[in-house]
Amino acid sequence: MSSHAIGSTSLMSPSSSSSSPSTFTIPSWPSGGWKGVGGGGGGSPTKSTLTTADSSSTPPTTRIVVFGGGSFGTAMATALAMKDPRVFNHSPCLSYNNIYNTSSSSSEDAVLMSNGKTKLSGVVINGSFEKKPKKIYVGRHSMASKVAKSSSKSNNNSNNSSHRNNNNNNNSNNNNNSNNNNNSNSNSPIPTTPSLSIPAISLAPPPLALSLAASPSPPIATRLFEVTILVRDPKLCDDINHRHCNSRYLKDFTLPPNIRATTDPREALRGAHFAVHAIPVQTSRTFLRSIKEVLPSNLPIICVSKGLEAGTGQMMSEVLVTALDSRQPTAFLSGPSFAKEVMQGRPTGVVAASRDPKLAKTVQALFASPILRVNTTTDVIGVEICGALKNVLAIAAGIVQGLDLGHNSMATLISQGCSEIRWLSQRLGARATTMSGLSGLGDIMLTCYGDLSRNRSVGVRLGRGEKLEEILASSQVAEGVATAGVVVGLARRYNVTLPVLTAVAQVLCGNLSPKEAVDAIMGLPQVEEK
């Protein structure tokens with residue numbers, strides 16, 4: 001599929017040699033939301049045309065491969081695909097973003113979004129709001145300049161009006177000084193409130209620097225995106241390519257048309273600039289070994305898998321090195337981010353962690369969008385340990401919920417669990433500040449309290465008396481189940497007392513019932529808080 005065709009829709013970049021405007025033909029989105037028509041998005045989409053005004057400056061394409069067709073891998077693929085300006089304005093899930101921001105240094109470099117069904121009302125050019133034409137113009141175009149000039153004139157008129165209002169206010173104040181003593185005696189008209197000039201805040205991501213990729217990059221807002229999901233199941237592959245739907249995990253959502261799937265690693269990796277690793281931790285080593293012969297040594301891997309490998313106790317940063325027998329450029333994306341809410345286009349915050357600050361910044365620019373805020377850090381250990389252990393704590397929170405122990409118990413449990421994660425992560429070399437950030441406290445709050453948490457659901461069902469085997473057979477992978485046993489080994493190795501996290505492991509192993517685990521924790525000696 002060298003043309004990267006999705007169904008009958010081609011998303012190849014138009015030829016830059018043509019002097020006439022290039023046309024992209026893509027499916028339009030239903031007006032009712034990002035959810036697929038009829039629940040699965042299997043209907044034939046209608047079509048609309050977006051025009052590139054200046055084909056000589058058509059932006060290059062960023063190609064991303066996502067390893068794994070699970071819910072979160074699909075959500076990350078969608079978040080990236082939606083940044084393509086040919087697709088961005090065709091998803092009503094982003095309808096609350098009625099202003100698209102650009103960080104262009106020149107008003108002529110603005111990306112003007114289609115007016116489409118989402119009825120976007122304007123574009124921010126160099127911090128100033130402008131109304132937009134009905135077509136999308138990618139690259140340098142005189143329309144942007146005209147809009148900017150029109151805005152300048154409008155701003156001048158606004159300023160003149162403001163000056164007149166100020167003069168009116170001064171006259172009104174001079175004629176009505178007695179109003180301070182007796183407002184009821186005022187016969188003068190109410191002065192007009194002067195217009196305020198409020199500077200616009202640009203939400204555009206910083207320019208994407210592909211220092212570790214195959215080609216240089218312009219600002220992210222002017223890039224096209226093609227995303228390929230590498231899956232094992234041919235049926236799932238067919239669903240994504242022809243029905244634009246992940247029928248196994250996210251059947252209620254229609255995927256953007258610039259996402260395709262394949263079962264062939266060579267095809268998936270061909271021309272890729274980035275790889276997003278979304279394979280469950282416990283099967284990651286086997287997967288990575290199977291593709292290492294075709295994986296380019298300089299391809300940056302962005303890992304979104306959270307957990308510790310059973311048997312070795314290794315974090316994903318260690319698994320990647322030992323499985324690939326090389327030091328691949330790696331970054332880790334973590335934070336409170338349920339896949340379903342990312343797919344719904346709801347505002348989300350995550351952290352990009354890498355020991356290479358430049359790569360962390362690159363990943364930040366790659367993912368940052370009006371619905372995804374990305375912080376950066378070099379504390380890889382802290383981000384990984386928090387991401388792994390919060391899953392174990394979420395099982396404990398679910399047990400408390402399943403036993404119906406109340407809010408007091410839940411708050412006590414989670415605060416104790418947070419302390420235990422901090423103790424262990426610091427012994428491993430993490431920073432204490434990471435624990436209070438998005439990848440720490442943020443992810444813990446989401447996973448422990450959120451109804452969409454798989455790990456919390458496992459705990460709830462355990463607390464209600466269900467058997468672990470039955471739970472695992474009827475649900476998606478819950479990384480906390482395998483990670484809990486690893487935590488016990490780490491606690492012994494680093495001589496750290498972790499009563500809550502250890503109790504979860506005991507329940508999962510069948511050594512304690514949920515009620516016995518609670519009683520054991522409550523029966524521990526009273527201690528000084530630290």
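Predicted model: local features only at pLDDT ≥ 70, side-chain atom pairs only at ≥ 80, totals over all residues.
Student: How much space lies in the second largest pocket, and which residues are the closest to its centre?

Tutor: The space is about 900 Å³. The lining of this pocket has 29 residues. The closest to the centre are Thr412, Gln416, Pro499, Val500 and Ile521.

Student: How many residues of that lining are nonpolar, polar or charged?

Tutor: Sort the lining by class. There are 3 charged residues and 7 polar ones. The nonpolar residues number 19.

Student: Are helix 17 and helix 18 roughly parallel or roughly antiparallel?

Tutor: Start with the packing. The axes of helix 17 and helix 18 lie 10 Å apart, at an angle of about 155°. Angles over 145 degrees count as roughly antiparallel. So helix 17 runs, relative to helix 18, roughly antiparallel.

Student: Is the crossing of helix 17 and helix 18 left-handed or right-handed?

Tutor: Handedness is a separate point from the angle. For helix 17 and helix 18, the crossing is right-handed.

Student: Which residues in helix 18 meet helix 17, and how many residues of this contact are nonpolar?

Tutor: Helix 17 brings Pro499, Val500, Ala503 and Val507. In helix 18, they meet Pro514, Ala517 and Ile521. The contact has no polar and no charged residues. Its nonpolar residues number 7.

Notes:
Residues numbered from 1 in each chain as written. Heavy atoms only, no water. 1 Å grid on protein atoms, 1.4 Å probe; cavity = no way out; pocket = protein on both sides within 12 Å on 5 of 7 lines; lining within 4 Å. Points joined across faces, edges and corners; volume = space filled by probe spheres on them. Nonpolar A, V, L, I, M, F, W, Y, C, P; charged D, E, K, R; others polar. Axes fitted to C-alpha atoms, helices over the stretch in contact; angles between N-to-C directions. Helix = DSSP H or I, 4+ residues; strand = E, 2+ residues; numbered from the N terminus. Parallel < 35°, antiparallel > 145°, perpendicular 65-115°, else oblique. Left-handed = near helix turned anticlockwise from the far one by under 90°. Contact = heavy atoms within 4.5 Å.
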